[in-house]
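Morning, everyone. I have one structure to walk through today. Please bring it up on your screens.

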Amino acid sequence: MTTIVVNGVKREVQAPADTPLLYVLRNDLELSGPQFGCGMAQCGACSVLLNGKEVRSCITTLGSVAGKDVTTLEGLPARWAQHKGLSAADAAKTLHPIQAAWIEEQTPLCGFCQNGMMIKATELLEHTTSPSVAEIKEAFTTSGPSPHLCRCGSYTAIIQAVQRAASAMKGSQA
Amino acid sequence: MSNSIDVFGAALSRRGFVKAGGVLLAGFGLAKAEGQQKAGVVDSLNPALAESWIEIHDDNTILIRTGKSDFGQGTIFTAYRQIVAEELCVPFEAITTVVSGDTDRTPDGGGTFDLLGHGMPNIRKAAAYVHHALLDLAAQRLAVPKDQLSVKDGVVSGGGKSLSYGDLVKGQKLNLTIPMKGDVNSMFGLVVDGNPPLKPVSQYTIVGKSFPNSVTVPKVTAKETWVTDVRLPGMMHARVVHPKTLGSKLVSVGALDKARCPNTQVVVKGNLVGVVAPTEWEAVKAGQQVASGTKWADWKGLPGDRRLFQFLKEDADWKTAPVAASKTNKGDVAAAMASSPKKLSATYQLPYLKHAPIGPTMAVADFRSDGTVYVYTHTQNAQALRTGIAHMLSTPVDRVVVRTFAGPGHYGRSNGGNAGAEDEAVILSQAVGKPVRVQWTRQDDLQWSTQSSAALSDVEIALDAKGGLSGYEINHYMPAMQDDRLVGAILAGLPTIPAPNEKGSVFGVANSMHDPWVYDAAPAVLERAYGTGQVGQNSSPLNVGLRDHSMRTPGQYQQNFPRELAITEAAALAGIDPLQFRLQHASEKRLLGVLESVRENSGWESRSKRPGVSNGVSRGQGVSVMFRSGTYWACVAHIAVNMASGAIKVEKVTVAVDPGIVVNPAQLKRQVEGGAVMGVSMALLEELRFDESGITANDWRSYPIATMADAPEIKVVLIHNPEVGTYGQGSEAANALAAPAIAGALFDATGKIARRLPLKPDYVQTLLKA
């Protein structure tokens with residue numbers, strides 16, 4: 001039995017400690033945000049935030065995250081609501097500005113990689129409020145274990161969505 | 001209504017009255033399908049009934065059905081809704097539900113490609129029939145002649161009275177029988193027949209606007225049910241241990257450590273080895289264990305990537321399959337060559353590519369005790385997959401249901417039904433008597449899926465004394481590119497359709513002319529396409545080899561790269577700017593329009609001399625054009641070449657696209673941007689590596705694709721040309737434009753012609769040193 005905190009909720013998991021976190025999130029906790037893309041930390045489709053840092057859940061074992069905070073795509077609205085100090089009622093109606101920007105920009109094509117893209121954007125914008133295009137490219141290409149890959153080629157739309165989200169998050173903080 | 005009403009060849013009848021609700025063309029087909037499931041037999045919807053296509057509900061909401069599915073184009077959720085709303089004269093938002101891709105819930109079948117070409121007329125005509133049926137109903141109810149009625153936002157008005165569509169169907173169950181032809185299991189599916197009057201394009205108010213894609217919100221908020229989310233009661237997880245080579249038969253199966261994998265079952269059927277376990281992690285570990293001890297026969301029957309083009313040139317049989325000649329061939333090319341003062345002769349080579357979806361193929365199958373089979377997957381042609389599964393099991397097709405879910409786009413790989421895991425899931429589910437989920441690994445997906453065919457082309461060009469194109473001959477060579485056999489069935493020794501052979505048509509080994517000629521001014525043109533069997537297939541004891549499958553802009557990409565690069569070379573030989581050279585040889589107004597558009601919008605510089613090298617970097621510009629599925633395209637690439645390393649950075653891509661009617665500008669723009677990035681990826685990075693036994697690429701490092709850092713600045717210019725009156729395709733072609741434009745830009749920057757792809761630094765460096 002391993003205890004992990006997923007999207008702010010303590011969860012007890014029966015799976016063996018060497019189970020990749022991705023399988024725990026998808027199969028035991030029935031979350032659908034993180035996706036299996038390669039199983040080798042080479043694409044980013046499975047990304048989650050671990051104590052605020054983007055990690056690849058496909059190579060992260062359950063045992064290594066015991067007691068730590070895991071945020072998935074499902075948890076982004078609550079993460080934003082907590083950051084803004086919103087009431088529970090308002091939080092339930094809120095989207096994370098990154099998700100709102102992804103919708104406004106009509107970013108996804110097939111959309112399979114976009115979980116990791118939004119998770120990476122969250123990590124970036126929590127630290128860098130007004131990233132330049134070069135900083136965005138660095139975040140999605142060289143900052144992690146591998147570039148975040150999109151086969152449909154939505155990179156232009158992702159850059160535009162990150163910029164839109166950045167100004168929304170800044171505006172909201174002013 | 002007394003008897004049935006004739007609606008331009010369709011028949012409208014009332015099937016009864018209901019106390020609550022009311023519907024034109026209610027969900028009868030769906031109810032029938034559910035009823036039949038209980039009896040262990042499952043049918044498709046009856047496509048002759050409009051209820052199979054469109055439902056008008058008494059609350060003014062509308063449901064539409066299409067056998068096509070979404071692969072990231074968004075077309076069925078945006079353009080199809082817009083086109084139906086337009087014909088019906090209802091708001092876009094009135095279409096609240098799109099049912100797609102399930103064999104028991106959609107009418108037409110056919111592959112998900114050319115959605116605005118062969119796919120669109122079905123849904124548009126169905127909508128037109130329904131629109132006229134509603135007008136006939138309104139004429140009766142309002143006692144006003146049909147030609148004096150008008151419709152706005154789903155409300156019919158005439159004679160000072162009005163009724164909504166919902167009012168017209170309230171309290172009734174109405175049926176509309178639409179004339180149909182074709183075969184639901186074929187590549188193109190069923191076709192709506194007849195010619196109901198269509199709304200004139202000049203009256204369009206919905207087509208042409210940027211409505212959002214309705215699946216974006218669920219996908220961004222983790223509410224979408226992806227194929228990866230399908231969970232059935234009692235479902236088991238499986239991995240398949242694929243053979244060591246593309247020709248290896250099974251010798252012996254590796255042992256399983258029962259202490260580590262206590263609940264795993266090993267299933268062996270012919271050369272198919274699978275492990276099935278209650279948890280995914282146990283299945284993964286069991287798969288690795290069994291694989292490490294399993295012995296396979298050795299096989300060497302491939303030329304290897306290093307010898308591929310020598311093999312295609314010298315060893316492959318191009319004589320058996322019929323040769324395709326272009327319909328636009330004309331003039332005496334030999335005479336033009338004989339009299340030309342300036343000639344060019346060159347060979348161009350394109351490697352095998354992978355569709356490379358971001359998620360490897362996976363599927364869930366439920367082989368039930370009553371013999372019915374349910375397959376849950378992400379497919380571009382659910383009816384064809386259904387037929388293939390039934391064939392494999394030697395069972396009637398009506399005992400198989402395929403349900404389609406959102407998944408990672410794979411760009412044509414399953415347009416003949418199968419992407420890889422479905423048949424294996426069915427075989428394993430039958431073996432263990434439980435629903436089984438088969439997930440391929442990244443390595444499986446690279447090594448056991450189909451590839452986009454390699455190709456080579458020989459070109460001869462003659463110029464006249466003024467530098468005009470006086471003769472053009474091209475001979476294209478490409479192995480068969482449409483192998484829709486189920487690979488699990490092949491491995492298990494179960495029935496499949498035949499491998500591509502000289503007798504097949506769509507699935508044969510013959511090549512076709514895919515790239516329409518566009519330079520009308522040339523007086524003598526000879527284009528031919530030669531086909532051959534798949535490399536290694538005949539000598540493989542498994543009859544597998546390098547299986548090929550159409551991929552985004554199939555065949556045309558392979559033919560357009562050599563043509564467009566050769567035209568750029570011809571322009572240089574003539575001493576004319578390559579964009580100007582194209583303008584001089586084209587006459588189609590729309591082609592001239594896209595060329596002039598990229599010239600203006602890209603910052604194209606007309607010049608006869610190359611720009612110099614600055615700080616070790618040389619910059620260049622290149623252009624390409626294409627006509628595909630009713631759409632004219634032009635592309636300009638601006639690149640920077642590192643003269644020391646040979647590395648190419650694509651700095652800017654400008655694309656002008658004239659599809660005739662632009663249905664949804666914002667969505668089309670995103671499609672073109674995405675295609676441009678895929679095109680840069682294909683041009684610079686992609687090449688399938690294989691040795692004499694099989695594919696050696698096994699991860700994203702050995703089959704790299706473009707990253708965000710590789711993505712250029714992209715400028716998309718949409719040219720809305722409603723007077724053309726047709727919807728051209730928008731989501732394909734964009735990927736094929738970049739490579740010839742980039743190679744042209746490399747020539748502009750360095751004076752070096754790179755006639756094979758990809759343009760990797762070591763290749764470019766070799767050219768620079770030569």
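Of the 770 residues in chain B, 60% count as buried. Keep in mind that this is a predicted model.

Next, contacts along the sequence. Take the contacts in chain B with a separation of 6 or more: 78% of them join residues 24 or more positions apart.

Secondary structure. Chain B holds 18 helices and 31 strands. For the box around the C-alpha atoms of chain B, think roughly 85 × 75 × 50 Å along the principal axes.

Now domains. Chain B is divided into domain 1, at 5–200, domain 2, at 232–299 + 355–448, and domain 3, at 575–769. The C-alpha centres of domain 1 and domain 2 of chain B are 37 Å apart. Domain 1 of chain B puts 23 residues into the contact, and domain 2 of chain B puts in 22. What classes of residue does domain 1 of chain B bring to the side that touches domain 2 of chain B? That side has 13 polar, six nonpolar and four charged residues.

On to the chain interface. Here 45 residues of chain A are in contact with 43 residues of chain B. Four helices of chain A give two or more residues each to the side that touches chain B: H1 (21–28), H4 (97–104), H6 (133–141) and H7 (155–173). H7(A) gives the most, with four residues. By class, the chain A side has 26 nonpolar, 16 polar and three charged residues.

Last stop: helix H9 of chain B, residues 382–393. Its twelve residues, at 1.5 Å each, should span 16 Å, and the end C-alpha atoms lie 17 Å apart, which agrees.

Is H9(B) mostly covered or mostly open? Mostly covered: ten of its twelve residues are buried. Among them are Ala382(B), Leu385(B), Ile389(B), Met392(B) and Leu393(B). Gln383(B), Arg386(B) and Thr387(B) are also on the buried list.

What covers those buried residues? The cover includes two strands of chain B, S21 (373–377) and S22 (400–404). It also includes two helices of chain B, H10 (421–432) and H12 (487–492).

One backbone detail to finish. Just after H9(B), Ser394(B) takes a positive phi of about 50°.

Note on methods:
Residues numbered from 1 in each chain as written. Chains lettered and ligands numbered in written order. Predicted model: local features only at pLDDT ≥ 70, side-chain atom pairs only at ≥ 80, totals over all residues. Buried ≥ 20, exposed ≤ 12 C-beta atoms within 10 Å, placed from the backbone. Contact = placed C-beta atoms within 7 Å. Domains from an automatic or database assignment. Nonpolar A, V, L, I, M, F, W, Y, C, P; charged D, E, K, R; others polar. Expected span 1.5 Å × (residues − 1).
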